[in-house]
Amino acid sequence: VECDYDTPPCSPPCAYEIYSHARLAVGERKVVIVTLYRRLMSTPKSEGKQRFAVLDCEDAVKWDGLAIALSRLFSKEGDTWEHFRCWSGELPALSEIHTYTGLLITGSHSGVNDPDAWIEDLRRFLGKVVVHGGVKVFGTCFGCQLLAQALGGRAGANPKGKFVLQREELRCTETMLARRDYQTAAGIIPPAAGVGGVRLSVFESHGDQVLALPPGAESLASSDSAEVEVWALGEDVLAWQGHPELSAQAMVSKITPYIRQLSEDDRAAARSSFQIATDALLLLAMARAFLRGGACIGDTAESVKAHFAAASAVQPSLTPSGSNRMWLGPPSTPRSLNPCLNPLLPRPFQPLKTLQPFNPSTPQPLNLPTPKPSQSSNPASPTPRSLYCSNAHPPLASHANP
């Protein structure tokens, strides 16, 4: 609704967005929340001076460096990217949400219905962020499912009882093809299969999926294995089940060997499917455009490829034997997010406040600070960070999930 005031502070006219949100409290068997709110659209955050956060949901050691990889994948020169370890109870302050341009929720070996406190905390946080408005929220895999739950939808095990590990073909809706961010991406990276981009392909690895969309949300793509592959809510929420951010090497070496539900024949079929080209770069270009309001100025096919290559280089494609394990140390102990060091060797603790954006025109290695004596972080006041180097490799415990 256009604001009809023509004097300050409403000049020029402002746009109000009104959202309705309904949630069913199963225990009480009644709708307990119906919220109507309006968001005053402020002046867009300046291009090149934007603040983003990676909400890291993965604590498996083999994925060390994930936040750095994602910052390299989606950043532009001049961005500020911050890292929050959600599994350790770290979240951005709600009082500062209006200062962020976008939030990115990662995948996880955990399930969205696991009874872990951090998952519920993140679910509640995401609901509040979307109600607050004005921030782009993007979720992938686990993040896609948790976002759906946070906004009133449902997520759970694949109804077919199958763990999906393969190159998946998506059937896109007309709404998907008409989106500005999709059209921007397809304009620089055409769909691999042609035919107008109605069908796209992407690598996938999941046992859970979105079962019912939140009120007001719309499905943008489906597949044979999931009715909801890509979905959106208004202009601020985009989520998908696939992993366009992962290379074929990562899928083969970091995921395929660790899925207990799969037979050897299933693993062989998965490895074969990962050798076929996908539309990963198109989808990544779409996500980059979404995070910036529909277009990522300056992106080209070559620059998106450079970002993908830089992200893939952060994490070794092959991991040491037994590295598919989860660290069970105290939350106050910093983990390694240093891609330049072997995660199995002792090293000093080097906290940095922010992730470093990647500029494909002037690629440079990470600028690591001079090592400092060991120190501990304060979990009561989580500080956004990029690199964590612990004094010694933390205790490990066996964990069979990917």
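Modeller: A polar contact is a pair of N or O atoms within 3.5 Å, and within protein one of the two must be able to donate a hydrogen and the other to accept it. The model discussed here is a predicted one.

Biologist: With that definition in hand, which residue does the side chain of E82 join in a polar contact?

Modeller: E82 sits in strand 4, which covers residues 80–85, and it counts as buried because its relative accessibility is 5%, where the limit is under 20%. Its side chain is joined by a polar contact of 3.0 Å to the side chain of R51. The partner asked for is therefore one whose side-chain atom falls within the 3.5 Å limit, namely R51.

Biologist: How many helices and strands does the protein chain have, and what share of its residues counts as buried?

Modeller: The protein chain has nine helices and 15 strands. Among its contacts between residues at least 6 apart in sequence, 79% join residues at least 24 apart. Its accessible surface comes to about 17900 Å², with 55% of that belonging to carbon and sulfur atoms. Of the 402 residues, the share that counts as buried is 53%.

Biologist: Which helices do the buried residues of helix 9 pack against?

Modeller: Helix 9 has 14 residues, 301–314, which at 1.5 Å a residue should span 20 Å, and its end C-alpha atoms are 21 Å apart, which agrees. Its buried residues are A301, S303, V304, H307, F308, A310, A311 and V314. An α-helix has 3.6 residues a turn, so residues three or four places apart point the same way. The buried residues of helix 9 pack against helix 1, helix 5 and helix 8.

Biologist: In the loop between strand 5 and helix 2, which backbone nitrogen does the side chain of S108 reach?

Modeller: S108 is in that loop and is buried, with a relative accessible area of 17%; a polar atom of its side chain lies 2.7 Å from the backbone oxygen of C57. S110 is found in the loop as well and counts as buried at 14% relative accessibility, and its C-alpha atom is separated by 8.1 Å from that of C57, 53 residues apart along the chain. W118 and F142 are among the residues touched by S108, and S110 touches W118, I119 and F142. At 2.9 Å, the backbone nitrogen reached by the side chain of S108 is that of S110.

Biologist: What is the phi of C141?

Modeller: C141 is placed in the loop between strand 6 and helix 3, and it counts as buried because its relative accessibility is 7%. Its phi is positive in a residue other than glycine, with a value near 55°.

Biologist: Where is the pLDDT below 50?

Modeller: The protein chain averages a pLDDT of 75, and 65% of the residues score at least 70. Over residues 317–353, where the pLDDT is below 50, the model has 126 contacts beyond near neighbours in sequence. Where pLDDT is low, the predicted coordinates should not be read in detail. The stretches with pLDDT below 50 include residues 317–353 and residues 385–401.

Technical notes. Residues numbered from 1 in each chain as written. Predicted model: local features only at pLDDT ≥ 70, side-chain atom pairs only at ≥ 80, totals over all residues. Heavy atoms only, no water. Helix = DSSP H or I, 4+ residues; strand = E, 2+ residues; numbered from the N terminus. Buried < 20%, exposed > 50% of the residue type's maximum accessible area, 1.4 Å probe, protein only. Contact = heavy atoms within 4.5 Å. Areas by Shrake-Rupley, 256 points an atom, 1.4 Å probe, with all protein chains shown as cover. Expected span 1.5 Å × (residues − 1). pLDDT = per-residue confidence, 0-100.
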